Amino acid sequence: LSQASAELVTLQFQTVDRTAQAGVDYRALSGTLQFQPGETEKFVTIELLTPPQASGKDFALRLSNLQNAQFLASEDIVVSLLANQAPVVASAPADRFAPIEEPLFFALPADTFSDANSSDGDQLAYSASLSDGSPLPAWLQFDPQTLSFTGTPPATALGSLAITVTATDSAQDQTTATFALMLVSNDGVATFSISGTPAVGN
């Protein structure tokens with residue numbers, strides 16, 4: 001309401017298709033709103049069917065049978081649907097170093113990924129694998145709730161792992177972030193194997 005009333009104000013509402021269709025893009029809803037004396041705001045929650053089938057669609061919330069007040073503008077409130085936006089990598093994770101045969105623990109920052117639809121209730125689900133899509137080694141565990149990694153690398157793990165973390169939203173859109181986990185010997189030195197024939201000078 002544009003201003004509070006000293007009387008009880010009631011009105012009816014219902015959703016009306018425009019380019020968006022009930023049952024496809026949103027769930028139809030109707031009902032009655034009551035504004036007690038002094039109240040100026042009410043909220044109506046309309047369930048959108050995720051993901052919206054296309055951007056640019058809209059439907060209307062039609063108001064009618066207003067009692068003890070009058071409409072100052074259109075009785076139809078147009079609601080526009082926005083297409084889902086995929087999550088993005090907001091802050092690329094840094095490479096990590098860890099000694100073999102010692103327990104490790106680290107977590108990616110909470111702001112590693114960003115989702116433009118989070119204000120609409122969209123939530124991200126996380127998973128981790130090696131960059132080639134194969135599972136993490138048995139000694140390395142990933143907690144998707146905290147974006148943390150734990151484990152104790154064996155001596156045979158000496159070297160580097162390329163780890164990819166995938167963020168998936170409720171519309172199944174995804175993005176990935178990859179970082180290197182460098183596993184070094186207990187003295188902090190990595191071992192590398194070099195092969196080839198040495199050059200002989202004159």
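**Briefing: an all-strand chain and its side-chain pairs**

Among contacts in the protein chain between residues at least 6 apart in sequence, 62% join residues at least 24 apart. The model is predicted. The chain has 13 strands and 0 helices. Several of the side-chain pairs below join distant parts of the chain, one of them linking strand E3 to strand E4.

**Overall build**

- Read from the N terminus, the element order is β-β-β-β-β-β-β-β-β-β-β-β-β.
- The protein chain has 202 residues, and 32% of them count as buried.

**Salt bridges**

- Side chains of opposite charge can pair when their charged atoms come close.
- The whole structure holds 5 salt bridges.
- Glu 47 sits in the loop between strand E2 (30–35) and strand E3 (58–67), and Arg 27 in the loop between strand E1 (9–17) and E2, so the bridge ties together parts 20 residues apart in sequence.
- Glu 47 has a relative accessible area of 42% and is partly exposed. Arg 27 is also partly exposed, at 44% relative accessibility.
- Arg 62 bridges to Asp 76, with the closest N and O atoms 2.9 Å apart. This pair links distant parts of the chain: Arg 62 belongs to strand E3 and Asp 76 to strand E4 (residues 76–80), 14 residues apart.
- Arg 62 is partly exposed, with a relative accessible area of 34%. Asp 76 counts as partly exposed at 27% relative accessibility.
- Glu 39 pairs with Lys 42 in a further salt bridge, and their closest N and O atoms are 3.4 Å apart.
- Glu 39 is partly exposed at 28% relative accessibility. Lys 42 is partly exposed at 35%.

**Aromatic pairs**

- A search of the whole structure gives 6 aromatic pairs.
- The ring centres of Tyr 26 and Phe 59 are 4.0 Å apart and the planes meet at 15°, so this pair is stacked. Planes under 30 degrees apart count as stacked.
- Tyr 26 lies in the loop between E1 and E2, while Phe 59 lies in strand E3, so the pair ties together parts 33 residues apart in sequence.
- Tyr 26 is buried, with 0% relative accessibility. Phe 59 is buried too, at 1%.
- Phe 149 and Phe 179 have ring centres 5.8 Å apart and planes at 75°, so their pairing is edge-to-face. The cut-off for edge-to-face is over 60 degrees.
- Phe 149 is in strand E11 (residues 148–151) and Phe 179 in strand E13, and the pair links these distant parts of the chain across 30 residues.
- Both Phe 149 and Phe 179 are buried.
- Ring pairs join Phe 149 and Phe 179 with Phe 106 and Phe 142 in a cluster.

- Gln 172 is in the loop between strand E12 (159–168) and strand E13 (174–184).
- Gln 172 is exposed, with a relative accessible area of 59%. Exposed here means over 50%.
- The C-alpha atoms of Gln 172 and Leu 124 are 9.4 Å apart. Along the chain, these two residues are separated by 48 residues.

Definitions and conventions:
Residues are numbered from 1 along each chain as its sequence is written. This is a predicted model: local features need pLDDT of at least 70, side-chain atom pairs count only at pLDDT 80 or more; totals for chains, interfaces and linings use all residues. Side-chain values use heavy atoms; hydrogens and water are left out. Helices (H or I, at least four residues) and strands (E, at least two) are DSSP runs, numbered from the N terminus. Buried means under 20% relative accessible area, exposed over 50%, partly exposed in between (1.4 Å probe, protein chains only). Contact means heavy atoms within 4.5 Å. A salt bridge is a side-chain nitrogen of Lys or Arg within 4 Å of a carboxyl oxygen of Asp or Glu. Rings of Phe, Tyr and Trp (its six-membered ring) pair if their centres lie within 6.5 Å; planes under 30 degrees apart count as stacked, over 60 as edge-to-face and the rest as tilted.
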